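Keep the viewer open, try each task, and then compare your steps with the solution.

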Amino acid sequence: MAFYEVYAHPALIRYKTSVCTKATLFLLVMLCLTYIPPLLVAYRSQGFWIKRGTYEEQPVVRFQYQTLLVAATSTAGDYVAWSTYPYFNNMLGSNLQIPAVSVREEDLNQDGKMDLLVLQLQLPLKPEQQVFGVQLLLTFNYQLFRMSTVVMQSMAYLQYSSPVPGAKLFVSGDLRLQQRTPLPHRGLYNAYNVSVIDGTSPFASAYDLDSIVRSYQKRNLTTVLSCPMPVWTVGQAAGSPFELNAEIRYPVELISYRPGFWETIKFAWIQYVSVLLIFIWVFERVQRFVFQNHVLTTIPVGPVGKAHLS
Amino acid sequence: MSAVSSLVPARFLTIIAHLVIVISIFWSRENNVKACLPLDYSQEQYDEQDGKLVVGLAVTLGLFGVELAGFFSGVSMFNCTQGLLSIGAHASASVALLFFLFEQWECDIYWWILSICSVLPAFVEIVLFIAVFGLKKKPL
């Protein structure tokens, strides 16, 4: 009593023919129609070769403890300035006024990467001086490790001016990465590992803010301080110093890179094969119909090895 | 042959599908004509391209007439090779013209589709006509 199927396996029928027949021509046409249209479909529906990918990483940022400060003390163009570069301070002459600066970097989540820079600057003023505007330049050492290794020296430029003299400026912002071109996916990228201000130069042109910003903006990879809400407090008490408090965070960045060869090939292959499967199934059914129903003359060789002529 | 009972309706359906799409393109050919002209074009350029496309579509309809005459008169209805070729050509033409219409391809591509998918089956049809009526062979 055999009432259920316990096992089954397919028995193969081979259809043979010689080279110069209609069946060969049909096979060539079928092969072209099976393997070429999926490529066209995958390519024409956009996104076949991925050109740009993104990844997230928190950069390793360290403050380099080099700054340059310029404060405008009148609306007529008088200014005082200070920096950590001795040549610049020597060139200032009587415009040099040295502030009290306290800086610390904090690692808030204890992951080994600094997250926050807190800077407190107090600039003592002469009794007749008032501060109308501030320009502050801070330099950082910026490193990325996940894809390509990026080592560069970058800066944050902070500027605020007001028609009313102020007692305090509070700035809280993020140090954001600006990319003009995607990064490579591997290798060392240290083209910008040169200092933003050349501290060894005795010439005034090396400390000119115009030329510093101009040559910095020529770079394809820069950092910028993104601070949408600076707070300028007015009402300077006589004799008290001008206070500048800055909090600069180092957030997780979304970085775009150019994918490598294998990543590109992997995604292209996934797209091609998933469309190819459909075409293989369809044309397999067409070929089975044509050869099984003898639409074209071939010699079938059956599963028991006997040749049947149609 | 048992296959013929499936080939004949398949061939008829693909020819009619191709015919329907050609007639649809004939009535809505404005977008396709604009796709082969530059952004600022003159009315003469438009009329010239429009005329070319109308000629192409008319030639296609003529070739349809030849092939349907051969099919319905029985000259090639039971010929397996012509059946297979006709199904393949007209199915490819239907897909290609669908993209031509919806993706607004340029006019030059239409001449390629015409030559591969309309001229080839009509040419084989004419050869079969000559073989049956001229050389007095059996139509199978």
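**Exercise 1: A threonine and its surroundings**

A:Thr264 is buried, its relative accessible area being 13%; buried means under 20%, exposed over 50%, and partly exposed in between (1.4 Å probe, protein chains only). Before going on, note that this is a predicted model, where local features need pLDDT of at least 70 and side-chain atom pairs count only at pLDDT 80 or more, while totals for chains, interfaces and linings use all residues. Residues are numbered from 1 along each chain as its sequence is written, chains are lettered from A and ligands numbered from 1 in the order in which they are written, and side-chain values use heavy atoms, with hydrogens and water left out.

Task: find the helix that holds A:Thr264 and the residues in contact with A:Thr264, leaving aside neighbours within four places in sequence.

Solution. 
1. A:Thr264 is found in helix H5 of chain A; helices (H or I, at least four residues) and strands (E, at least two) are DSSP runs, numbered from the N terminus.
2. Apart from those sequence neighbours, A:Thr264 is in contact with A:Trp49, A:Ile50 and A:Pro259, contact meaning heavy atoms within 4.5 Å.

**Exercise 2: A nonpolar patch**

Task: locate the nonpolar surface patch of chain A and say which helix gives the most to it.

Solution. 
1. The patch is formed by A:Leu27, A:Leu28, A:Leu31, A:Tyr35, A:Ile36, A:Leu40 and A:Ile280, with about 620 Å² of accessible area together. Patch residues have over 30% relative accessible area and no salt bridge; like charges are joined within 9 Å and nonpolar side chains (Val, Leu, Ile, Met, Phe, Trp, Tyr) within 5 Å. Accessible areas come from the Shrake-Rupley method with a 1.4 Å probe, and for residues only the protein chains shown count as cover.
2. Helix H1 (residues 22-35) of chain A gives the most, with 4 residues.
3. A:Ile280 lies in helix H5 (residues 261-292) of chain A and is partly exposed, at 34% relative accessible area.

**Exercise 3: Where the chains meet**

Task: describe the interface of chain A and chain B by its contacts and its buried area.

Solution. 
1. In chain A, 9 residues are in contact with 9 residues of chain B.
2. About 700 Å² is buried between the two chains, and carbon and sulfur atoms give 69% of that; buried area is the accessible area (1.4 Å probe) that two parts lose on being put together, summed over both.
3. On the side of chain A that touches chain B, H1 and H5 of chain A each supply at least two residues.

Methods
A salt bridge is a side-chain nitrogen of Lys or Arg within 4 Å of a carboxyl oxygen of Asp or Glu.
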